[in-house]
Amino acid sequence: MKVKPSRRTFIRQLGGSSLLLAAGSLKSLASDGTHKLVIPYKPRIGPNDKIRVATIGMGIMGHADTDTALKVPGVELVAVCDLYTGRLIRAKEKYGNQVFTTQDYRELLARKDIDAVIIATSDNWHARISIDAMNSGKAVYCEKPVVQKIGDGLPVIAAQKKTGKPMQVGSQRVSSIVYSKAKEVYKSGAIGQLNCVEAFYDRQSALGAWEYTMPTDGSPETVDWDRYIEGMPKMPWDPKKFFWWRNYRDFGTGVAGDLFVHLLSGIHLMTDSLGPKIIFASGQTCYWKDGRDVPDIMTAIMQYPETKEHPSFQVMLRVNFISGQGEKGITRFIGSEGVMDMLDNGFSLTHSMMSKAPGIGGWIRFIPTRRPCRMN
């Protein structure tokens with residue numbers, strides 16, 4: 001007997017979030033007969049199959065995540081929250097007047113008609129809102145990094161285990177079809193023993209350096225500044241700290257929490273690594289001296305321990321906001337039998353076998369294999 005999908009089953013298949021657009025192996029991808037799809041396509045979505053979502057934080061990623069979620073059949077946007085009233089007005093213009101708007105995310109969590117929330121706020125609010133959302137019965141999709149401070153991680157994990165609510169942290173490379181296929185190739189031994197990973201993500205633009213266009217009406221009258229700095233020492237209104245929050249340690253995580261996360265999440269996916277045992281890092285502000293207190297160029301060297309999966313290896317990371325070559329990035333896996341380069345929309349593989357030891361150099365003095373005749 002064929003069982004009709006229920007609303008609960010639909011939520012479970014989506015992992016509690018409408019944004020699980022590239023989860024699972026390539027073998028699990030469905031097809032509509034012409035194109036590969038990332039999740040199984042359900043051409044008929046009944047009223048009980050709908051997933052009602054709300055977005056908290058309607059900046060750049062909030063809009064991008066919401067637009068992506070709405071491409072999934074059966075997903076409906078119910079409400080949005082943002083501390084800047086201009087974004088709330090824009091949300092109604094874009095998604096319809098039926099969308100409920102508020103500056104207090106707790107009003108969204110109190111609603112019974114919301115199944116899941118998308119959290120795209122400044123980093124310092126990720127942990128608190130995620131915990132509150134799961135405790136209120138909502139599934140959670142949270143933009144990376146999942147927390148601003150390492151110490152906030154365990155309470156988030158505890159809340160998820162206690163409530164059992166699905167939670168996903170946004171990272172394109174972990175949910176990438178390209179990385180999924182590349183992992184299959186890597187695991188097959190295509191590059192031999194992994195020794196080193198070199199990865200960089202460079203930019204050269206004001207937007208790339210987080211100097212976003214600020215609205216002209218930003219002020220304490222249009223932004224709930226007191227709620228934004230709740231739990232912090234009082235500080236005067238500063239539009240940069242609100243609209244350019246990635247540039248400040250109080251609200252963001254700088255290069256490490258933004259771009260290093262992309263690089264490392266892809267590396268960890270490929271290698272099944274849980275993280276390094278030793279980290280050396282250095283950064284400074286060289287060019288974008290706009291009041292930020294995070295570096296605009298940063299490098300790191302990480303040593304990964306030996307596991308059952310692989311011998312130890314080293315990772316070298318770099319982000320440079322004065323790159324001289326626009327926005328460009330690559331992650332290179334270097335092995336004993338070849339190199340795999342992860343690019344924007346694919347990957348390349350180059351075979352290069354290590355020579356067998358011992359090597360032979362021109363400085364070696366060769367000894368004849370036959371003894372010379374001895375003369376009497």
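Please keep in mind that the model is predicted.

Let us begin with the protein chain as a whole. Ten helices and 15 strands make up its list of helices and strands. The chain has 376 residues, and 43% of them count as buried. If you look at contacts between residues at least 6 apart in sequence, 66% of these join residues at least 24 apart.

Now turn to a pair of helices. Helix α2 covers residues 60-69 and helix α3 covers residues 85-95. Their axes lie 13 Å apart, and the two helices pack at an angle of about 25°. Angles under 35 degrees count as roughly parallel, so α2 and α3 are roughly parallel to each other. Their crossing is right-handed. Where do they meet? His-63, Thr-66 and Asp-67 come from α2, while Arg-90, Lys-94 and Tyr-95 come from α3.

Our last stop is Gly-275, in the loop that runs between α10 (254-271) and β10 (278-284). Is this glycine, Gly-275, buried or exposed? Its relative accessible area is 19%, and buried means under 20%, so Gly-275 is buried. Which residues does Gly-275 touch, leaving aside its neighbours within four places in sequence? They are His-268, Tyr-304 and Pro-305. Tyr-304 is 29 residues from Gly-275 along the chain, yet the C-alpha atoms of the two are separated by 6.7 Å.

Methods
Residues are numbered from 1 along each chain as its sequence is written. This is a predicted model: local features need pLDDT of at least 70, side-chain atom pairs count only at pLDDT 80 or more; totals for chains, interfaces and linings use all residues. Side-chain values use heavy atoms; hydrogens and water are left out. Helices (H or I, at least four residues) and strands (E, at least two) are DSSP runs, numbered from the N terminus. Buried means under 20% relative accessible area, exposed over 50%, partly exposed in between (1.4 Å probe, protein chains only). Contact means heavy atoms within 4.5 Å. Axes are lines fitted to C-alpha atoms, for helices over the stretch in contact, and angles run from 0 to 180 degrees between N-to-C directions. Angles under 35 degrees count as roughly parallel, over 145 as roughly antiparallel, 65 to 115 as roughly perpendicular and the rest as oblique. A crossing is left-handed if the near helix is turned anticlockwise from the far one by less than a right angle, and right-handed if clockwise.
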